[in-house]
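Trainee: I have a model open and would like to go through it with you. Where do we begin?

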Amino acid sequence: MALAKLGVVVLDCPDPRALAGFYAEMLGGTLEGEGGWVDLKVPGGPSLAFQAAPGYEPPKWPRSDRSQQFHLDLVVEDLDAAEKGVLALGAQPLDATDRTRTFRVYADPAGHPFCLCAC
């Protein structure tokens with residue numbers, strides 16, 4: 001028997017509204033909240049929350065001294081089309097040169113790693 005259930009995944013960042021908007025462009029959904037906390041209500045999926053973190057320093061991928069700590073796997077049908085879209089939204093490639101793999105790694109505008117996966 002579970003002791004709890006997952007409520008929401010929260011990402012620390014310097015600008016919650018801006019980062020929530022980045023993910024809303026990728027995943028759809030609506031933004032709720034202002035200031036230091038913004039929720040992204042994703043249709044048919046779990047919500048994501050974004051919390052202001054003064055002094056935020058993004059993780060470095062891959063490095064043990066400032067590890068990624070966690071990342072999101074986002075399932076897509078067409079890796080090339082999804083890559084073009086996330087780069088246009090402001091993502092940065094971290095590990096996306098091997099075109100034989102079923103995934104590519106990027107960083108969102110606040111530096112959090114995420115993968116586009118055609119799995």
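Predicted model: local features only at pLDDT ≥ 70, side-chain atom pairs only at ≥ 80, totals over all residues.

Trainee: Which residues of α2 are buried?

Mentor: Helix α2 spans residues 79-89. Buried here means under 20% relative accessible area. In α2 that gives Leu79, Ala82, Glu83 and Val86.

Trainee: Which exposed residues does the face of α2 turned away from the buried side carry?

Mentor: Exposed takes over 50% relative accessible area. On the face of α2 turned away from its buried side, the exposed residues are Lys84 and Ala88.

Trainee: What happens at the start of α2, and what just after?

Mentor: At the start, a side-chain oxygen of Asp78 comes to within 3.0 Å of the backbone nitrogen of Asp80. Just after α2 comes Gly90, with a positive phi of about 115°.

**The sheet**

Trainee: What is the strand order of the open sheet of four strands?

Mentor: Strands β5 (72-75) and β6 (92-95) each pair on one side only, which makes them the edge strands. The twist averages 35° from one strand to the next. Pairing is mixed, and the order is β5-β8-β7-β6.

Trainee: How many bridges join β7 to β8, and which residue stands opposite Arg104?

Mentor: Strand β7 covers residues 103-107 and β8 covers residues 113-117. The two run antiparallel, joined by five bridges.

Trainee: At what angle to β7 does α2 run?

Mentor: Helix α2 lies across β6, β7 and β8. Its angle to β7 is about 5°.

**Salt bridges**

Trainee: How many salt bridges are there?

Mentor: Side chains of opposite charge can pair when their charged atoms come close. The cut-off here is within 4 Å, nitrogen to carboxyl oxygen. The count comes to five.

Trainee: Which parts does the Arg17 and Glu34 pair tie together, and how many residues apart are they in sequence?

Mentor: The closest N and O atoms of Arg17 and Glu34 are 3.1 Å apart, and the two form a salt bridge. Arg17 lies in α1 (residues 16-27) and Glu34 in the loop between β2 (30-32) and β3 (37-41), so the pair ties together parts separated in sequence by 17 residues.

Trainee: Are Arg17 and Glu34 buried, partly exposed or exposed?

Mentor: Arg17 has 32% relative accessibility, which makes it partly exposed. Glu34 has a relative accessible area of 61%, so Glu34 is exposed.

Trainee: Are Arg104 and Glu83 buried or exposed?

Mentor: Their side chains meet in a salt bridge at 3.7 Å, N to O. Arg104 is in β7 and Glu83 in α2, so the pair links parts 21 residues apart in sequence. Both Arg104 and Glu83 are buried.

Trainee: What is the relative accessible area of Asp95 and of Arg101?

Mentor: The side chains of Asp95 and Arg101 meet in a salt bridge, 3.1 Å from N to O. Asp95 is partly exposed at 22%. Arg101 is partly exposed, and its value is 22%.

Methods
Residues numbered from 1 in each chain as written. Heavy atoms only, no water. Pairing = 2+ DSSP bridges. Axes fitted to C-alpha atoms, helices over the stretch in contact; angles between N-to-C directions. Contact = heavy atoms within 4.5 Å. Buried < 20%, exposed > 50% of the residue type's maximum accessible area, 1.4 Å probe, protein only. Polar contact = N/O pair within 3.5 Å; in protein donor to acceptor, adjacent residues only side chain to side chain.
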